[in-house]
Structure formats: structure tokens, C-alpha cells
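Subject: Structure for your review

Hello,

Here is the structure I said I would pass on. My notes on its disulfides, pocket and cavity follow below it.

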Amino acid sequence: AMRLAALLAALRPVLPLVLGLSLGCSLSLLRASWSQNGGEDQCLGAVGRPRPLAGGALPEVADGRLGPGHEDFRPRIVPYYRDPNKPYKKVLRTRYIQTELGFHERLFVAVLTSKATLNTLAVAVNKTVAHHFSRLLYFTGLRSAKVPHGMVLVAHGDERPIWLMYETMNYIHQHFGSDYDWFYIMQDDTYAQAEQVKALVTHLSINQDVYLGRAEEFIGGDEQARYCHGGFGYLISRSLLLKLHPHLDSCRNEILSVRPDEWLGRCIIDFLGITCVSQLQGQNYHTYELAKNTEPEKEEEEEFQAALAVHPVSDMTLMYRLHKHFSRIQLDRAYQEIQDLQMQIRNLTSLTPAGEVGLTWPVGINSPFLPKSRFEVISWDYFTEQHLFSCPDGSPKCELLGASKADVSEIIESALEQLNSRYQPLLRFSKRQLLNGYRRFDPTRGMEYTLDLLLEAVTQKGHSHVLAKRVSLVRPLSKVEIIPMPYVTEATRVQLVLPLTVQDLDFVANFLDMFAMNTLDTHDNALLTLLFIYHPYDAQRVSQVDVFAGVKAMVGELEKRYAEVKIPWISVKTEVPSQVKLMDIVSKKHPVDTLFFLVSVWTEINMEFLNRCRMNTISNWQVFFPVHFQEFNPALVYRGEQTASSTTDFLRDGHFDRHSFAEACFYNSDYMTARTKLAADILDRDEVLESMEVFDVFLHYSGLHLFRAVEPGLVQKYALRSCNPRLSEELYHRCVLSNLEGLASRSHLAMALFEQEQANST
């Protein structure tokens, strides 16, 4: 008995485990027997087709194949076979996955205009709604019409209305039929609410043939058939356009009509059997017909407020007034929706784990950024109504101008408006003075402001009192928009331009080796032009001693190694190697469509950056000035220790040199255009060019985008640059700063000073 009690005591901890395993095994065996007994006589259904087994798999029949109708359920391996008699062709992939998958843009808009209204109503349409649509074209029958600024016009050369409609539909099908899902056609005397049109197409299915607009009866025609009135615009789906296109020629020859919209409607009905509708898939196409001498501001009808399209618009002023009125309606709706959402957030905050303490201000906006260390703290910029105390050029104080001044004025006006809306009619505030102003940009929420205002408060009885009030405001980040950019490719040839002086001779060999390894060996579409800058003294002795003879010999070796490569050079004699003057010489020797990459002798060329140079430089649109990564002086950073490996550390100890503008990517045509404007400004004062760089030419004398960004693909080893004192004071100061900041970081310099003091003390 004692032994049995001891045995039970020892087994008691594992007893639940043993019972659980026994019960699990018993249930699994029982379930397996049920499945087998219940499935033997019901393996086949009433028609003899195999039933699915557990897990959804289908059993095989006697010959190892599935029954009829189930061939698609068995995976098949298709072996790759290439005919050896046919030459191999490289598969060309599309640039964007959207193109490869066959995605379409959402909406294309066509505006029909005429000679009488091209410079009036069409311009008004362009200024009010064009920026809301991704693609909008104007169609006219004029043969050689002068296109107003900012408009894309297609002239068909025949002003007959039916012919204009026929040519427009043909043009849309030919050029945009495969790119867009919806096509909205309107007249220039129509005001359309662009955002509502865009919202309408997002709620419609693209699988149907859609002909949507204001349905009108044909004069003397079938009572069931309707056409869409052109004055109120109409929407056509891509599927309908594709089906209609083969019949357009027949419609032109067989259908007689005076109105182009009626002609198009009759064509769609006769050949496709589709009539115009004003309501589809739960969406209504609301329209409103304007009477003469209508005052949009006084129209209070619900039909007018909900109208998607308004017609007829008699003049430009009425178009702008309609746009202002409907924009105000949309703005009021947006503000009301914001207030409703804020109220819902307040009501739900008490149910969250954080409770009401977690409610951020403003309600619905992200909470401020919380730094995790002192290096992540976002500093505030101090300003007054006249000056800014955090200037872009690093100076401690500068005048408040341009966009910054307009920003401060708008913020002060908004603060007064909010105060008056909150305290009126008891108090009315007016600004005396801005005592202090602070602002900072928080990337998680937007621009934050704190204002100390000296205000004068006036009561209802007329009593006034001066008081100081601190207010906080936030300009939140709105919807992110993708800026449309022209399409560029990576196949463009890049022309490298390398200016060389005597001080650069020690670094030329490394530059040419990197150029040969990363462009010539890889057969990249890039060429090199050398610019030898001779001092007048060296130029006189060039027949006896050529300071660039060694470089020319290295170039000759490269041309022997790569027979198809030619590296030309240009010799220039000057004491002051102005970047603009040197570029003038190179520009004249190359075609206008040349893509220049202006480099320095310390630049390490690589294919990655060359592709970015091609992509970021757009003719007549954008130039690219990369900020290269400059390594620090290894003697100060490592102090005899082993240097970091480039394979483990992509960016070694260094910094992005924002003082250097030696590298630049731009098209020759853009440079020539900006240089022509510069020449007209300075006349014959060539000494001005000595104080300028190519960056200054584009900045002040071109309307192009200047893309200035850090470039991790351009890494330069440390080298002490020689600064020419003959250049302008600003350029010389920039060069000296670049050398000083390129020595080492503050921590490295502090450690070097500490070690030096330790050595001196001992």
C-alpha cells in the first residue's frame, strides 16, 4: 500500500497529460472510422461525378485524369521552348507596372470651342476647372488658331458643327481610346463642377456602355429614344467609344442633323441601340439651365445648388461668378464635414484607453512630433512683422519678404478672425502689434505658429482695453498631390565635361580609371570631354613643356584600349577659370539637345548616378544640381586606425558638401536660353561672369525647376581644394568653407584638439 501511494504521488503531476493524450488519440481514431464508413458508398454523386475530399481536393478517376469540366483545376507545367533557328530577342519590359498590367487613367475631358469664344469663354473654362482634371483638351474647327497660354488646342480645320464632332470623336479614339476609362465632352459655354464630375465616375462601373447626361427628346422622333444635350456635357464610357468608332463614318454619311449633340445621340441609338440616361447605377446627373440676367449669388433653389453642370454661360464674368459661388458651397460643405468629424472624435475619445487626455489639438490633426533624443528636437524660428531671425543663408537676421511675409500676414489675419468669431458680439479685437512670433515645420502635422499679439478689445458699449494675448495656430498638411512631370528615359546620352587645372593633375588618373571601369567597360551611353585650363605662363611654354602632356598620354592609352571611344579635349588660356565662361566654350561645340554632366576631378563616375542624372534632368523643365558626399580627412578621423571599408559602410565618415556646385546636369538648349537672357542683362560687362557659377545662371535667368538634392551616389575622397583668390569674394569664401567643413566632424576635431593638448602638456 505504501508503494502504491508513493507511485500515485509520483505520477500525479503527469496524470493530466496522460489522460489528455489518451482522449485525443481515441477521438481521432473514432473520427477517422466515421469518415471512412460514411464516404465509401457516397464517393460518387447522382451523376457519377467525383465529390471533393476533405480540404477541397478532387479525387482522380481510374485513368488518372479529372472528369470533364475540371481540366482547369489541375496545374500544368508548360515547358519553355525556344526555336534554335530563330534569333534570340531580348524581352522588353514596360517602364511602369501600370502600363504592363493595362491600367487606364480615369477621366479625359474634351471642350468644344469656336472662333468667337476661344479667347473668352474657353479661357474662362481653362482658369476655373482645367487644373482639376488630369487631361483636358480643347477642340475647334479653326485652321490656324492662335492658342492662348496654358491651353492645349486641337484644330480640325473645318468649322461645321457636325464635322467638328465627327473629327473630335475620331481624335479621342485614336489618341486616348486605350488610355482612359471615361470621356467627358462639354462646350465652352458650360460650367461644370470638376470635383463632382470626378466623383461621379468613381461611382460608376466601367463594365457597362454608358451614355450619361441631360436626356432630351428628338424633334419628331421616337418617344423612347433620347440624346444627351451638349450644353450640359455628357459622359461616355470607353467600351461605348470603342463600339461606336467603326460606325462614325456611316453616321457622317447617313445621318442628317443641325445639332452635333443630336447627331451623336442618333448615331449611338441607330448603331448601338443605347439611349441617353440621366440616372445610372444610383447616380444622378443633375443640371440647371440658367435664365437671362441670372445672379448666381442670389440663386437659392435646391436644383441649382446640386447642379453638376450649368448652361448657358453667356460671358467670362458669369463663368467666374459661378465658379466662386460653387467653390464657396464646396468649402462650406467641407468645413461642416470637418466640424462633424471633430464632434464625433470628441464623443469617442472618452471610450479610448487614453480617455480625454489623449485628445490632441487641433482635433483630428496628428499630435506633435515627440523627439527621442536632443538631435531630433525641431527648433522654432523667431520672427516679427518686419524681420526673420532664421535666414536661409545662415545670417542671424534678414528682412521678411515674399512668401514668408505673406505667410505671416495671413496667419495674423486668421488669428484675429478666429478670436472675433469666438468672442463677438461681446468683444471685438483689432491688432496693435505683433510682439513675438514663432514658427516651426512639424513633418507629422504641418506648420505650427505661436503668436504674442498686442490687441485692442472693444466692448459692446464702446469701452476699449489693450491686452496681450498668446495664440497657437496650425497650418496642417493637406492632401498630397503628385506633380505631373514630363516623361524621360534612361537611354539619353550623357556628355561629361571635366575642367582641369594644373592643381588637379594628381587626381586625373583615378578619375579616368573610374570612368573607364563604370562607363566604358559597361558600354554606358556616356562620352567625356576634357577642358584643359592653361595659365598664361604655361600657355607660352606649351611647345617646350606641356603641363597636360601626361593627361593627354593617358587619354591616348584609353583610346587605344577602347577603339570605338574618342575623348576630345579643348584648351583654354585664362587666369580666372570662370565656370560660366568655360561652359560658354563647351556649349558652342555641342548640339542643342546635348545632356551635359559637369563634373570635377574628384567625382567618381558610376552608372547609378548617370541614370539619376538622366531621370532628374528634363529639357525645358528641370535642371539637376546634386550635393555630393565628401569624405573627411582620414588623418583626423581615424588617426592611424584602419579606415572603414566601402563595402560595409556605403557612406563613410563625411558630410554632404552644400557649398559645392561643381556637379550639374542640364541640357544645352536650357543653358543657351538662360545664357542669352544673362547676356542681355549684363551687356558687355564680362567681369560679372567671374562672380557667377552655372547654378546662378539657371537660378536668376531661367524659369526652370532647380532640383538641388543630396546624392549618395556621388562620393568623393578627401582632398584639399585649391581656392583661386582671383574669383569673386563669394565664390572664394564658398571654396574656403568647403575645405574647412570637409576636414572632420565636430567630435573628431574636438578629439584631435584634446589629444594635441595632452601631448603638449606631457
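A disulfide here is a pair of cysteine sulfur atoms within 2.5 Å. By this rule the count comes to five disulfides. With the bonded cysteines numbered in sequence order, they pair as 1-4, 2-3, 5-6, 7-8 and 9-10. Please keep in mind throughout that this is a predicted model.

Overall

The protein has 762 residues, and 38% of them count as buried. Its secondary structure consists of 22 helices and 27 strands. Among contacts with a separation of 6 or more, 69% are between residues 24 or more positions apart. The accessible surface comes to about 46,300 Å², and carbon and sulfur atoms account for 55% of it.

Disulfides

Cys251 and Cys267 are joined with an S to S distance of 1.9 Å. The link of Cys251 and Cys267 is right-handed, with 75 degrees about the S-S bond. Cys251 sits in helix α8 (residues 248–254) and Cys267 in helix α9 (residues 260–272), so the bond ties together parts that are 16 residues apart in sequence. Cys251 and Cys267 are both buried.

The sulfur atoms of Cys391 and Cys398 are 2.3 Å apart, and the two residues form a disulfide. The link of Cys391 and Cys398 is left-handed, at -110 degrees about the S-S bond. Cys391 counts as buried because its relative accessible area is 10%, and the cut-off for buried is under 20%.

Cys613 and Cys665 form a disulfide with an S to S distance of 2.2 Å. The link of Cys613 and Cys665 is left-handed, with -130 degrees about the S-S bond. This pair links distant parts of the chain, 52 residues apart: Cys613 is in helix α17 (residues 607–616) and Cys665 in strand β26 (residues 664–667). Cys613 has 0% relative accessibility and therefore counts as buried. Cys665 is likewise at 0% relative accessibility, so Cys665 is buried too.

Largest pocket

The largest pocket holds about 1,400 Å³ of space. It is lined by 30 residues, of which Trp361, Pro362, Ser414, Gln418 and Val474 are the closest to its centre. The elements that give two or more residues to this lining are α11 (316–349), α12 (402–423) and β19 (464–476). Helix α12 has the largest share, with ten residues. By residue class, the lining of the largest pocket divides into 17 nonpolar, seven polar and six charged.

Cavity

How many cavities of 30 Å³ or more does a search of the whole structure find? The search finds one. The largest cavity has a volume of about 40 Å³. Its lining is made up of Gln630, Asp657, Tyr718, Ala719, Arg721, Ser738, Asn739 and Gly742. Of the residues in the lining of the largest cavity, two are nonpolar, four polar and two charged.

Regards

Technical notes:
Residues numbered from 1 in each chain as written. Predicted model: local features only at pLDDT ≥ 70, side-chain atom pairs only at ≥ 80, totals over all residues. Heavy atoms only, no water. 1 Å grid on protein atoms, 1.4 Å probe; cavity = no way out; pocket = protein on both sides within 12 Å on 5 of 7 lines; lining within 4 Å. Points joined across faces, edges and corners; volume = space filled by probe spheres on them. Nonpolar A, V, L, I, M, F, W, Y, C, P; charged D, E, K, R; others polar. Helix = DSSP H or I, 4+ residues; strand = E, 2+ residues; numbered from the N terminus. Buried < 20%, exposed > 50% of the residue type's maximum accessible area, 1.4 Å probe, protein only. Contact = heavy atoms within 4.5 Å. Areas by Shrake-Rupley, 256 points an atom, 1.4 Å probe, with all protein chains shown as cover.
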